[in-house]
Amino acid sequence: MPFLQKNLKQMASCIEDDSMILFSTSNSPEESTSASSSFHLSPLPALAQQHFKTSCKEVTVRNLSYSINPERSLCSSFCYLMKQEPKPINILKSVSFVARSSEILAIVGPSGTGKSTLLQIISGRVKDKDFDQNCISINDHRITSPAQLRKTCGFVAQEDDLLPLLTVKETLMYSAKFRLKEASAREKEERVHSLMHELGLVHVADSFVGDEEHRGISGGERKRVSIGVDMIHDPPILLLDEPTSGLDSTSALQVIELLSSMARAKQRTLLLSIHQPGYRILQYIPNFLILARGSVAYYGSLDSLEETIINLGFQIPMQLNALEFAMEIISPLVESNSNRRLSNETCNFSIWLEEEIGSAQQHSHNRSTENSLFLNFYEIMHLCSRFWKVIYRTKQLFLARTMQAVVGGFGLGSVYVKVRNDEGGVTERLGLFAFSLSFLLSSTVEALPIYLQERRVLMKEASRGAYKISSYIIANTIVFLPFLFAVAVLFAVPVYWIVGLNPSIQAFSFFVFTVWLIVLMASSLVLFLSAVSPDFISGNTLICTVLGAFFLFSGYFIPKENIPKYWIFVYYVSLYRYPLDSLLINEYWSVRSKCFSWQGEEELSKCLVTGYDVLKSRGLDKDTRWINAGIMLGFFVLYRVICWIILAQRAKRTTI
């Protein structure tokens, strides 16, 4: 009962404060006249008001420790063989503090002290086996899994992982569509409009987010968009990793001023890490947690920190504030804090509340299971819309693929104009098919940087439950199918008729279909390799190596019987082999009895090479065109399924 009374009292406090603060336009304890005074708080839409009165949260952390095992190197492997396991590295050591509603708690300390790790743990971005169930509680309710924290907390990473070719409004609108699935379209519009007013982004609503390569909004505005993306579902607890990193002093002040207003007006609990905040920023942060080598050096207000420093016998220089000076005397602070460390006793958590929450989660799970098919369709539909906007606005990719197809088609056609129907023509056709394959498969490499850029956004959104990885893969497939079909047609039409290949309409249709399957396979291969590549250089090297191996063992350079046994598996998985065989069968199967090389004079001439002989020399004595097409389609699906598995596993482990 005491626990229930405490929660009721806390909830009443939230409601009371709501009526007083919600419509306030003040951004600081003292009416600030800085440039950021344009920020104002607008009334919440109906959607946000549904959860507002229960959003008052208090985060308690007691004796939180965290260690990692060093990566296995040559030295550590030797130690392992000598039965000496490498010692784990302690990142955090018995960290304890309380973060209260309507306030900002700033986590400060030198680099490498565990600030980002602490935020990642509190936001639930650690593995279940590394999570201590006895260390974190919210409103005196013990948190038993990282998944609970991920549902409750919003987390803004240090890097702004946004799609540069979407506008500010589109970015927030897509976030609302993914995170607020049960809301109506009008409620989502209201939420986005309210959030843009709250973040001071109305004047750049239709501007592109941009990045280093694409001109867009300023760094401070981009940081506010990142905050908005993770606030769209109105989380009661918001954690920010270095929100002022890379910003000038004015932009940093505006961001902190904005966060302070949001914390007070909507009763949010805010935790953020920050490096040496300026003097004006300090007035917006009531409490500080100073970390040193993973331990708490100080926890409390700035005034109390000044008293602690004086009691330790130090005098704060006039040109420094207490926090800056504390960084210089970090060791004495650690020793002083160890003498007055918080008690190690654990809380008596309410069983009633755990059962209540468990029941609610079970109900939510049942409901989500019933609507899973609808939600998947909903996610796929909006992901397709976003994909198409990004592709259309990525002019260099759109134009490059189009120009490659057109120029490549006409260029190859101009080289092999009206190939003769003789023995030399047979060799030229084989060379044309081989080069076309190489050109088409290698032409998809330019999509790699776009996939790598999208991967970070995908990891962030998928780890937050915005949508499923499977929805992303399906949407990617749906959008690229017609786009790559247009590329295939633009390449195939000029090549086929300028060169003078098999004039049959059926043969031409199958040629276009095969070219389409080739670019689809290549697209899937690049998507798969982008999932396993750490960066563009590694990915580009990997793609070139794989395609080179596939081409070498396709049977064009080395006959199958001459391939070493330990490399024969590459022959069967080569993306070159099956389309090359299909193109040859498509060209010569209907003219198997036609003679392409004669010996002797016209009356006594003897046929040396027929269409059947050409096919037989390649081991193609049966019409396997559609079998090969099925195998190519299988490769297209297989690489995407493997990509889905890899990305799903990465999303589970991501800390973005």
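This is a predicted model: local features need pLDDT of at least 70, side-chain atom pairs count only at pLDDT 80 or more; totals for chains, interfaces and linings use all residues.
Because ten of the twelve residues of α6 are buried, the helix is largely enclosed by the rest of the structure. Helix α6 comprises residues 168–179 and spans 17 Å from its first C-alpha to its last, which is close to the 16 Å expected at 1.5 Å a residue.

Four strands form an open sheet in the order β2-β1-β4-β5, and their pairing is antiparallel. The edges of this sheet are taken by β2 (89–99) and β5 (141–142), each of which pairs on one side only. Strands in a sheet are joined by backbone hydrogen bonds, in either a parallel or an antiparallel arrangement. Between β1, which covers residues 59–68, and β2, the antiparallel pairing extends over seven bridges, and Y66 has L92 in β2 as its bridge partner. Across β1, β2 and β4 (136–138) lies helix α4, formed by residues 115–122, which runs at about 65° to β2.

Most residues other than glycine have a negative phi. N63, which is placed in strand β1, has a phi near 50°, a positive value in a residue other than glycine. For E242, phi is likewise positive and near 50°; this residue is placed in the loop between β7 (237–241) and α9 (249–265). With a relative accessible area of 6%, which falls under the 20% limit, E242 is therefore classed as buried.

Nonpolar side chains in soluble globular proteins tend to be buried together. In the present model, the largest nonpolar core contains 129 residues, and F97 and L118 are those with the most contacts inside it. The greatest contribution to this core comes from helix α20 (residues 505–532), which supplies 18 residues. The core also draws on two domains, with at least three residues from each of domain 1 (59–68 + 87–340) and domain 2 (394–556 + 626–654). Apart from this core lies another, of 61 residues, which includes I217, V255, I274 and V334.

The surroundings of L118 can be described individually. When its neighbours within four places in sequence are left aside, L118 is in contact with L64, L92, V95, F97, I107, L289 and L291. Among these contacts, F97 is named together with L118 as having the most contacts inside the largest core, while L92 is the bridge partner of Y66.

Conventions:
Residues are numbered from 1 along each chain as its sequence is written. Side-chain values use heavy atoms; hydrogens and water are left out. Two strands pair if DSSP finds at least two bridges between them. Helices (H or I, at least four residues) and strands (E, at least two) are DSSP runs, numbered from the N terminus. Contact means heavy atoms within 4.5 Å. Axes are lines fitted to C-alpha atoms, for helices over the stretch in contact, and angles run from 0 to 180 degrees between N-to-C directions. The expected span of a helix is 1.5 Å times one less than its number of residues. Buried means under 20% relative accessible area, exposed over 50%, partly exposed in between (1.4 Å probe, protein chains only). A nonpolar core is a set of buried Ala, Val, Leu, Ile, Met, Phe, Trp, Tyr and Cys residues joined through side-chain atoms within 4.5 Å. Domain bounds come from an automatic or database domain assignment.
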